[in-house]
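Open the model in your viewer and keep the selection tool at hand. This tour goes from one pair of side chains to a whole chain, then to the places where chains meet.

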4 protein chains.
Amino acid sequence: MHQLEGPLATVRHIRLRDLPPAALLRADASDPQIAEAVAAVEQASGIVIATPIYKAAYSGLLKVFLDLLPQFALAGKIVLPCATGGSLAHVLALDYGLRPVLQSMGARHIVQSQFVLEPHLKIEGDSLSVDDVTGATLLEAIYHFRCALGHAPPHDQLGHPRPERADGTASG
Amino acid sequence: MHQLEGPLATVRHIRLRDLPPAALLRADASDPQIAEAVAAVEQASGIVIATPIYKAAYSGLLKVFLDLLPQFALAGKIVLPCATGGSLAHVLALDYGLRPVLQSMGARHIVQSQFVLEPHLKIEGDSLSVDDVTGATLLEAIYHFRCALGHAPPHDQLGHPRPERADGTASG
Amino acid sequence: MHQLEGPLATVRHIRLRDLPPAALLRADASDPQIAEAVAAVEQASGIVIATPIYKAAYSGLLKVFLDLLPQFALAGKIVLPCATGGSLAHVLALDYGLRPVLQSMGARHIVQSQFVLEPHLKIEGDSLSVDDVTGATLLEAIYHFRCALGHAPPHDQLGHPRPERADGTASG
Amino acid sequence: MHQLEGPLATVRHIRLRDLPPAALLRADASDPQIAEAVAAVEQASGIVIATPIYKAAYSGLLKVFLDLLPQFALAGKIVLPCATGGSLAHVLALDYGLRPVLQSMGARHIVQSQFVLEPHLKIEGDSLSVDDVTGATLLEAIYHFRCALGHAPPHDQLGHPRPERADGTASG
């Protein structure tokens, strides 16, 4: 998460799994937790979306959240789509499946999407780590995401990969 | 619903909206209502899937249900995908968005999908009706669905369109 | 090719690469070779389509041929889509990319698509062979394709895999 | 075309239909006209791609051209995808069908795609005009394209819509 931070950015992580299920499925924006998540999306300049790939597409949980947002909730925003999957065979699910949805929500710029193979991820308790190659790839993606946002660090300050968490505003 | 019925078919309608939200989002197959819905899919030879189109794709609710089914839950089955949408601009969401998901679940035969424009639908209380042209199109689709299932009525017994409900095993 | 043959089937192989380029790109159906290929599609009950995956989708050559066919050229027909690709990462290109196109042409039944990794193919001169596992998978696919056509051999006559050629009515 | 021009931009229009058919289908980059078109793409900072929608997807002609370009021919480039189609029902073909292809070619930023209904186009001889509403929409799209390129004119100099041609580096 700290790779996303910097003098110009505040970062928030919304775990969709922690939102109240009934309100989420009813798209009940009067629920305080839902309302707060919707407001966080509204205020963000950039959004990292992380989802597992199930049945050749993004998770239903992610889509339930996207469904309750306004039609053009991503207007003017920069988006970095990320996914984890058990097989390389799911790579195209991001660009063929998720990207048209995000595009329909008016996203200004959806940067190159990132697919991480599950064997390259390690989950210990609440923390998530990736191997070095994956880490470097994600750092590069974050760099381009920050460039699109207009507040990239100088490239030589990227430092060594410290990919402790793949975070984002919405993980479904 | 009675258009789907016949000497060879028993029809069940599962309203995904009536399943328990927390169990649904946790993919908790030990919940009795979820378990029963999963069993109904398992036992069916044919499945009509009905979803609204939101954000250029099927509903999150539908995907949440598909996500909790086994990977090849549609193996050997005939599927008729249906959607309602506010604009013709969403027609391709069924074939580009939903069909690859159903295909990945091993469906044996997914017949031509049906898109119904919302202005052609009338919802009164719990009942749903469509205009005559839409009704005739849906009857034709049901005829092909029943042919694929191997128990089509003789074509001349289709009778007049009586499209009182667009029903299915799963509506999300 | 002989796996597709049988007492009920005549098989033809159209190599799109052999059609006259200028007539193909102009969609000139008055060209005798083009006219003959279009007629072959029209007369076929089932069509095997084989394409390499380039740039995350079917080949342009295949689409050029599909573009010159009538809008509903696949109405009533059974289709088996096949692709070769250099990486598993392209698998979904068939179901997300090609299937919606074939569906829009009215195909009655598009059976499960087949993806073959290029390292599993051997090309020697004009003949094409695949390894044993791939061969068995393709034979199974051909069996389902023939079932959909209504003239499957008894399953126990499938014999041993003899996958000397991945043939089809159209290979692009 | 002059809407794309300005102090910082030189614009070229490549009509794919004018490239030599045999060399195009053989992906023969040694052909001088093909070589020149490939070089033009290589040198461009931004590319407008225009295609009709046939059979629920981009034209085969366009894909034939994309196929002969290097895998990452769009790396670092800004792309504006445009299409014409006979029905609103084809709108999603751009984002579901074409965008993943362009994304796989490494495009840095693909701005919102533009779909023009054929009844809103007028073709007289070699010149192409659009009605006022479509013209204003296209001008807005060009403005965002130029912003992404880093050389947008001040918004108040957009002037009145003068959409005489929908031009681009590649029209297929």
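Start in chain C. Select D67(C) and K63(C): both are buried. Buried means under 20% relative accessible area, exposed means over 50%, and partly exposed lies in between, with a 1.4 Å probe and protein chains only. Now show the two side chains. D67(C) and K63(C) form a salt bridge, 2.7 Å from N to O. The term stands for a side-chain nitrogen of Lys or Arg within 4 Å of a carboxyl oxygen of Asp or Glu. D67(C) and K63(C) are about one helical turn apart, because they sit 4 residues from each other in helix α3 (residues 60–68) of chain C.

A word on what you are viewing. This is a predicted model, where local features need pLDDT of at least 70 and side-chain atom pairs count only at pLDDT 80 or more, while totals for chains, interfaces and linings use all residues. Residues are numbered from 1 along each chain as its sequence is written, chains are lettered from A and ligands numbered from 1 in the order in which they are written, and side-chain values use heavy atoms, leaving out hydrogens and water.

Move to chain D. Select D95(D) and R99(D). Their side chains meet in a salt bridge at 3.0 Å, N to O. This pair is 4 residues apart in helix α4 (residues 92–104) of chain D, so about one helical turn separates D95(D) from R99(D). D95(D) counts as buried at 10% relative accessibility, and R99(D) counts as buried at 2%.

Next, select R15(D) and D18(D). Here too is a salt bridge, with the closest N and O atoms 3.1 Å apart. R15(D) is partly exposed at 39% relative accessibility. D18(D) is also partly exposed, at 47%. Over all chains, the whole structure has 20 salt bridges.

Now color chain A by secondary structure. Chain A has 5 helices and 7 strands. These are DSSP runs numbered from the N terminus: helices are H or I with at least four residues, strands are E with at least two. Trace the chain and you pass α-α-β-α-β-α-β-β-β-β-α-β. Of its 172 residues, 55% count as buried.

How many residues of chain B are in contact with chain A? The answer is 25, and they touch 25 residues of chain A. Contact means heavy atoms within 4.5 Å. The two chains bury about 1800 Å² between them, 63% of it on carbon and sulfur atoms. Buried area is the accessible area (1.4 Å probe) that two parts lose on being put together, summed over both. On the chain B side, select α1 (21–25), α3 (60–68) and α4 (92–104): each supplies at least two residues. α3(B) gives the most, with 7 residues.

Finally, show chain B with chain D. This contact takes 11 residues from each of the two chains. About 830 Å² is buried between chain B and chain D, 70% of it on carbon and sulfur atoms. Select A89(B), L92(B) and Y96(B): they supply 64% of the area that chain B buries against chain D, more than any other three residues. Between chain B and chain D there are 0 salt bridges.
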